[in-house]
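Here are my notes on the model you sent. Please read them with the structure open beside you.

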Number of protein chains: 2
Amino acid sequence: MAEIVDISSGESPVPAPARTLADNVFDQLRSAIVGGEFAPGSKINEPQLAERYGISRGPLREAIRRLEGCKLVEIKPNVGAKVVSLNGLQAIEIYEIRESLEGLACRLAAARATAADCESLRNLLAQHELQIESENGRRYYQQEGDLDFHFQVVHLSGNQRLIQLLCGELYHLLRLYRAQTSSQPSRPEQAFREHHRIVDAIEEQDGELAEILMRRHIANAKAMLISQLKQSDT
Amino acid sequence: MAEIVDISSGESPVPAPARTLADNVFDQLRSAIVGGEFAPGSKINEPQLAERYGISRGPLREAIRRLEGCKLVEIKPNVGAKVVSLNGLQAIEIYEIRESLEGLACRLAAARATAADCESLRNLLAQHELQIESENGRRYYQQEGDLDFHFQVVHLSGNQRLIQLLCGELYHLLRLYRAQTSSQPSRPEQAFREHHRIVDAIEEQDGELAEILMRRHIANAKAMLISQLKQSDT
DNA sequence: CAGCCTAATATTGTCGACAATCTGGAAATA
DNA sequence: TATTTCCAGATTGTCGACAATATTAGGCTG
């Protein structure tokens, strides 16, 4: 269907990254899983999916192995792959790791961010402020806008492995959890204020404070999640 | 060659986990890479390896995709996989992440560890004390014993995803780096003392202190690494 | 009717072959 | 001689077929 075209104007310095069928199917499957198109715990049927994407089982199996690496599916030998089903406990585990790693990211970002970087963060927050007023925007902010902010901060850390770990793996799992549970964090105003404080600290190159604020920010979200879980359990 | 046998005495509760060829080759390749049997940056030749392990390229390619997920090889489309070559900068990135995550692990471990767990840690340290006296033991302690301790502490955290992340991925990368650079941390006595302090804090269920001590412990190792790198650069 | 055994079916695991792409070196040209 | 072009070899990407294993459906027995 969609042809691979060069978006950038003129000839790009990178002559179009050669992509294999397994690569493409990996991306499509990941989007589908993270987007909630597959029910949690549902089985991955190889012949069926191979037909759906018009490829043979070879590349498909390689794509599935890569999904396993991202922890998006679980594979049992001679049985097959299932879409992971995240329960509340596992979500809390992820929040604990985020709390720790994004604190680190903030500390590093405070030491590296330029004035332009900080302005870019402010712009993102201003954008969020506009969107937060409408109900649709509020919903957007809660679901994706929050991750956008964290995404950008993490990229300022400069630690490539940290960036890959958070943006390439953990955030996909978070999206999956939100899609599977349709949970709404529902504290946009407070989160918005906390985001601003974090940018303040980064702008002042106060890494220690930035780390503390980010950890507290995520700890707050975790506490909210825990209280929701307790409520739905009883 | 080596047959798969049940190590445990009597019939095991788990009736031997079915393993596929790709699984076995993945384990063997990972050990070989982490053990330094492949030169850093060396190319992975599929037909050659398939012959060596007596399997076809299909399962081998799946094993390679899983190695890519562990960040032990890098794959370029139409070119092939290479064993990762970790430079000093990347090693520092890993230490930064360890500092953060193992601090978390310690805090969690302090809240969960039983008396028996603590005694087990003490036993491990006592073992290390015996080994540390001989030159061979010193070498062992520096290379593997240190990771043994961290491995055990991390397992006490109870956070499954954290355990998998540290013990299933990052530690393998550390071993790879040590094998590739033949670097010796060379501060066994200090590290040994720090390990004891960490166990003290865990035993007293002082999670905050345990986190601080572990972070400092790894920060010390990171500082040592950085000074070594500067020395070898000039 | 419940439970178990058995056979038929479906799915995963593995293999060998072919197509597409990259790599290295020889030959031709300036 | 330096550079470019092109070809042959090697390697990766993809496919379809077969073998091994798991799952399901049906019938049998108690």
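1. Buried means under 20% relative accessible area, exposed means over 50%, and partly exposed lies in between, with a 1.4 Å probe and protein chains only. By that rule A:Asp27 is partly exposed, with a relative accessible area of 28%.

2. Some ground rules come next. This is a predicted model, in which local features need pLDDT of at least 70 and side-chain atom pairs count only at pLDDT 80 or more, while totals for chains, interfaces and linings use all residues. Residues are numbered from 1 along each chain as its sequence is written, chains are lettered from A and ligands numbered from 1 in the order in which they are written, and side-chain values use heavy atoms, with hydrogens and water left out.

3. Salt bridges take up much of this note. The term covers a side-chain nitrogen of Lys or Arg within 4 Å of a carboxyl oxygen of Asp or Glu. Side chains of opposite charge can pair when their charged atoms come close. Over all chains, the search finds 35 salt bridges. One of them joins A:Asp27 to A:Arg30, with the closest N and O atoms 3.9 Å apart. Both residues lie in helix H1 (residues 21–34) of chain A, 3 residues apart, about one turn of the helix. Helices here (H or I, at least four residues) and strands (E, at least two) are DSSP runs, numbered from the N terminus.

4. How many residues does each chain give to the contact? Chain A gives 33 residues and chain B gives 33 residues, where contact means heavy atoms within 4.5 Å. The area buried between the two chains is about 2,900 Å², and carbon and sulfur atoms give 49% of it. Buried area is the accessible area (1.4 Å probe) that two parts lose on being put together, summed over both.

5. Across the interface of chain A and chain B there are 16 residue pairs in polar contact, both residues being at pLDDT 80 or more. A polar contact is a pair of N or O atoms within 3.5 Å; within protein, one must be able to donate a hydrogen and the other to accept it, and residues adjacent in sequence count only if both atoms are side-chain atoms.

6. Which helices of chain A each supply at least two residues of the side that touches chain B? They are H3 (57–69), H4 (88–112), H7 (160–181) and H9 (207–233). The largest share, 10 residues, comes from H4(A).

7. The interface of chain A and chain B also holds 11 salt bridges. A:Arg61 pairs with B:Glu62, the closest N and O atoms being 2.6 Å apart. This pair runs from helix H3 of chain A to helix H3 (residues 57–69) of chain B. A:Arg61 is partly exposed at 23% relative accessible area, whereas B:Glu62 is buried at 8%.

8. A:Glu211 deserves a separate look. It forms a salt bridge with B:Arg215 at 3.0 Å between the closest N and O atoms, and another with A:Arg215 at 3.9 Å. A:Arg215 and A:Glu211 both lie in helix H9 of chain A, 4 residues apart, about one turn of the helix. A:Arg215 is buried at 15% relative accessibility, and A:Glu211 is buried at 8%. Salt bridges that share partners join A:Arg107, A:Glu211, A:Arg215, B:Glu99, B:Arg107, B:Glu211, B:Arg215 and B:Lys222 into one network.
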